[in-house]
Amino acid sequence: MFDFRSMFKLIKELDWRLIALVVCIFGFGLVILSSATHATTTGNYAQITKQGLAFLLGMGLIFVILLFDYNFLGKYYKALYIISIILLVLVWIPGIGKANAGARSWLHLGPLDFQTSELVKLTFILSYAKIVEEKKGKLKTIKDIVSLALYAAPIILLLLVQPDLGTAIVFCCIIGGMLFTAGLNDKIIKRGLIAIVVVMPLMYMVMAPHQRIRIDAFLHPEDVTLPGNYQVMQSMIAIGSGGPTGKGLYEGTQNQNDFLPVQDSDFIFAVIGEELGLIGMFVIILLYGLFLIRMIVIAKEAKDFYGTLIVIGVASMFAYQVIQNIGMTVAVIPVTGVTLPFVSYGGSSLMTSLANLGLVLNVGMRRKKINF
């Protein structure tokens, strides 16, 4: 039977400041989404309703995750790793696997389409943090990180084969954040960065055609015939026309007249810039900054290094997604399909983002021992 006193203690130890920040970001995003989908004009609130439902389901997932001590979940890190690989392989099964935007990364389950890599972010973080934990303070040479690289390699390769370079980079950021926290030697970091720069031309040659085109587009922003440049140009026009205070909510011409492509997802930050101006962009960036800082505080206060690595993995994931999405809308980073966390439209993305948040809250509330 469930112990209500333990439940009260658990709720008391939750990081309500982090929860409040996420609710604020989501609420802000839902208002912007209502403009990006033209819901107030058309009267069609289907996307808003789905987004709200996904948020409620995601909050339910958080509650389920909180019931299990993260160390208990960590005991099954090998099974979680196998599950991660299975999920990424399932997309290749005819009949249930589905290609979208050039990447075969979705499962078609009746009325629902689910991107398996979103769930793998959670299972991989729990699994990878466990093996990195054992290497704390021992990452001094290339030889020391070979086993960690081999452990991650199948996941990254399966993502590249889909091909989903954007998500593969997200996983690389998760890995990088954990290794850095585990004490990765500075010399290895410097050599790694140099190696990346040296092999960039080779990486370009082996990229899929649509990926090379995106790089070409980034290097030649004036050529609107290259895929992605039209979207970025319209995004820049939208943000630039917003000025300091914006044109007003639901009054953005680039957004409302559909000049801005994918404004409900990839380029929703441009809607913020056009309609709420520099002030609106500053507010959402400030909220994300406070959100990331709060997670770093939780990582520092974790009762063990495994908990610290879990939180750093999640924080690295969110940090990259925020920087990548905002960066591509202002033309400082090549365009990828990375969405703005808790703001962009997408049920599976929102729910798994909340599930990963559940891991952070799980670590935070168990910095003190709580018995059920």
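**Reading salt bridges**

A: Partly exposed lies between buried (under 20% relative accessible area) and exposed (over 50%), using a 1.4 Å probe and protein chains only. This is a predicted model, where local features need pLDDT of at least 70, side-chain atom pairs count only at pLDDT 80 or more, and totals for chains, interfaces and linings use all residues. Residues are numbered from 1 along each chain as its sequence is written, and side-chain values use heavy atoms, with hydrogens and water left out.

Q: How many salt bridges does the structure hold?

A: A salt bridge is a side-chain nitrogen of Lys or Arg within 4 Å of a carboxyl oxygen of Asp or Glu. The structure holds eight. In one of them, D69 meets R366 at 3.7 Å, N to O. This pair links distant parts of the chain, 297 residues apart. R366 is buried, at 3%.

Q: Which helix holds both K130 and E133?

A: Helices are DSSP runs (H or I, at least four residues), numbered from the N terminus. K130 and E133 both lie in α7 (residues 116-133), three residues apart, about one turn of the helix. Their side chains form a salt bridge at 3.5 Å, N to O. K130 is buried, at 18%. E133 is partly exposed, at 25%.

Q: Which residues are linked with E13 in a network of salt bridges?

A: E301 and R367. The E301 and R367 side chains meet at 4.0 Å, N to O. E301 sits in helix α14 (residues 268-301), and R367 in the segment after α16, 66 residues away. E301 is partly exposed, at 40%. R367 is partly exposed too, at 33%.

How values were computed. Helix = DSSP H or I, 4+ residues; strand = E, 2+ residues; numbered from the N terminus.
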